[in-house]
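Welcome! Take a moment to look over the sequence and the 3D view before reading on.

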Amino acid sequence: MAISPMTCHEFIDYILCPHEHPSTVVVCLSREAFLDRLSLSLHTETADSSTHIDETEQNSPPLLIPTIYQLATSRTVTVAFASSLPHLRAYLASYLPLRNPPDDSAHLPRPGQQSPLLAIYGLINLHRTTTEYSVQGLSRSLAIAVEAADAWSMPLTLVEALEDWESSNLESGPEAAAVTANDPWKEQVPLLSSSVLPSDERLRTGRTVEIRAVIAKWCSFSNP
């Protein structure tokens with residue numbers, strides 16, 4: 001399942017809500033870069049929601065409220081960081097979920113519908129600066145991800161970082177930004193990967209396909 005782009009803290013909130021062991025989150029960033037983004041995301045959310053000097057629990061992001069359920073479930077999520085495309089593919093190809101939860105996880109309250117999942121944060125953007133930002137390259141990575149999830153009967157969840165889409169829109173210019181503002185999956189990619197031509201040159205000289213069409217062959221789309 002592919003869902004709308006989220007900030008770092010929104011993504012964590014989303015994962016912890018339906019989470020059940022042995023869920024795995026693969027972040028397509030380095031650990032340092034992800035923590036920096038998470039800190040900035042939480043700071044921005046807190047600043048936007050706070051109307052008083054003394055912040056209260058009511059206007060704090062849910063991630064900053066240390067509920068017993070949140071503290072306990074966070075211990076049962078496996079997190080992996082893959083800051084390069086070869087690293088991501090190698091991890092997924094050898095994916096082996098941890099099947100033994102902490103002893104106290106069996107006694108946790110379980111609000112709502114629960115299911116173990118394999119979630120990947122930023123898979124599409126990880127291809128952006130490589131020669132495999134194409135239908136061919138994306139399809140190869142998606143096939144590996146789907147195979148890893150299917151091998152363990154776990155639903156696959158794809159989420160892009162909202163910060164990456166916003167920055168790419170600014171770099172693409174006003175016309176491209178207008179196209180992808182409401183639906184970032186409308187961005188175009190060339191059919192084939194190339195080690196010779198950069199992706200922007202291939203976009204101008206060959207046939208292109210929407211990212212949504214590429215993902216739709218492997219996943220359904222949904223809003224969180």
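Predicted model: local features only at pLDDT ≥ 70, side-chain atom pairs only at ≥ 80, totals over all residues.

Let's start with the strands. Six of them build an open sheet in the order β3-β2-β4-β5-β1-β8, and their pairing is parallel. The edges belong to β3 (78-81) and β8 (221-222); each has a single partner strand, so one side of each is left without a neighbour in the sheet.

Now look at one pairing in detail. Strand β4 (residues 118-121) runs parallel to strand β5 (residues 156-161), and four bridges link the two. If you find Ala-119, you will see Thr-157 of β5 opposite it.

## Aromatic rings

How many aromatic pairs does a search of the whole structure find? There are five. One of them joins Phe-11 and Tyr-121, which are stacked, with 4.4 Å from centre to centre and 20° between the planes. Phe-11 is in helix α1 (residues 8-16) and Tyr-121 is in strand β4, so this pair ties together parts that are 110 residues apart in sequence. Phe-11 counts as buried, at 1% relative accessibility, and Tyr-121 is buried at 1% as well.

Tyr-91 and Tyr-95 make a tilted pair, because their planes stand at 50°, with ring centres 6.1 Å apart. Tyr-91 is partly exposed, with a relative accessible area of 25%, whereas Tyr-95 is buried at 7%.

Rings can also gather in a group: Phe-11, Phe-34, Phe-81 and Tyr-121 make up one aromatic cluster.

## A charge over a ring

Finally, find Phe-221. Over its ring sits the charged end of Arg-212, 4.2 Å from the ring centre.

Technical notes: Residues numbered from 1 in each chain as written. Heavy atoms only, no water. Pairing = 2+ DSSP bridges. Phe/Tyr/Trp six-rings, centres within 6.5 Å; stacked < 30°, edge-to-face > 60°. Buried < 20%, exposed > 50% of the residue type's maximum accessible area, 1.4 Å probe, protein only. Lys NZ or Arg CZ within 6 Å of the ring centre and 35° of its normal.
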